[in-house]
Amino acid sequence: MKQNTTADSLKLFRETTMELDKIYSLFSKSCGLSEPEYWSLLLIYEGVVTQSKISEKLSLSRQTLNSAFKQLIKKGLVYLKPYENDQRTKEAILTDKGIDFVEKNLIFMHRTEELAWQKMTREEQNTLAELSGKFRDLLKEVLEKSEH
């Protein structure tokens, strides 16, 4: 039996995450959205309503997010409403068409994801979530220490 080296296991992890990224990319493409549009709609539906918060959650540049929002507005899925106390900050609101779109398309994708997740044991779910979070945190830590 071949012993798994660090390089081998890291390569397998990268390949797996790239395949997972491709699957998630199919979610957005299947309903005619870019990935930033897809995830923005989902976050708005879940209550994250400012572009700055969405940008932060998705780790997207303001320019990329602005382009996504322009498309969402053009498609009639979202509109922006200035806050009364701060006219520069706008609240993203789903239109009726946007709510229907999310409930028809994105919620279906969420359910698909949940069905796959439920095929793992509770222990596997927890282990995957914990180890993914741990690797994320360690990667951030190493990056922060290597910054000059």
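**Entry 1: ground rule.** I am working with a predicted model, and I keep that in mind throughout.

**Entry 2: the largest pocket.** I started with empty space. Rolling a probe the size of a water molecule over the atoms shows where such space is left. I read off a volume of about 1100 Å³ for the largest pocket. Its lining comes to 22 residues. I looked for the ones nearest the centre and found Leu20, Asp21, Tyr24, Glu113 and Ser132.

**Entry 3: who builds the lining?** Which helix gives the most to the lining of the largest pocket? I found that helix 1 does, with nine residues. At least two lining residues each come from helix 1 (6–30), helix 2 (35–45), helix 5 (96–117) and helix 6 (122–146). I also sorted the lining by class, and got 13 nonpolar, five polar and four charged residues.

**Entry 4: helix 1 with helix 2.** Next I turned to packing. Two packed helices are described by the angle between their axes and the distance between the axes. For helix 1 and helix 2, I noted axes that come within 8 Å and cross at roughly 80°. That makes the two helices, helix 1 and helix 2, roughly perpendicular. On the helix 1 side I listed Tyr24, Ser25, Phe27 and Ser28, and on the helix 2 side Glu35, Tyr38 and Trp39. The class count for this contact of helix 1 with helix 2 is four nonpolar, two polar and one charged.

**Entry 5: helix 2 with helix 4.** Here I wrote down an angle of about 75° between helix 2 and helix 4 (residues 62–74), with the axes 9 Å apart. Helix 2 and helix 4 are therefore roughly perpendicular to each other. Helix 2 brings Pro36, Glu37, Ser40, Leu41 and Ile44, which meet Thr64, Leu65, Ala68, Phe69, Gln71 and Leu72 of helix 4. I counted seven nonpolar, three polar and one charged residue in the contact of helix 2 with helix 4.

**Entry 6: helix 3 with helix 4.** Last, I checked helix 3 (residues 51–58) against helix 4: the axes come within 10 Å and cross at roughly 115°. I marked the crossing of helix 3 and helix 4 as right-handed. Gln51, Ser52, Ile54 and Ser55 of helix 3 touch Arg62, Leu65, Asn66 and Phe69 of helix 4. By class, I have three nonpolar, four polar and one charged for the contact of helix 3 with helix 4.

How values were computed: Residues numbered from 1 in each chain as written. Predicted model: local features only at pLDDT ≥ 70, side-chain atom pairs only at ≥ 80, totals over all residues. Heavy atoms only, no water. 1 Å grid on protein atoms, 1.4 Å probe; cavity = no way out; pocket = protein on both sides within 12 Å on 5 of 7 lines; lining within 4 Å. Points joined across faces, edges and corners; volume = space filled by probe spheres on them. Helix = DSSP H or I, 4+ residues; strand = E, 2+ residues; numbered from the N terminus. Nonpolar A, V, L, I, M, F, W, Y, C, P; charged D, E, K, R; others polar. Axes fitted to C-alpha atoms, helices over the stretch in contact; angles between N-to-C directions. Parallel < 35°, antiparallel > 145°, perpendicular 65-115°, else oblique. Contact = heavy atoms within 4.5 Å. Left-handed = near helix turned anticlockwise from the far one by under 90°.
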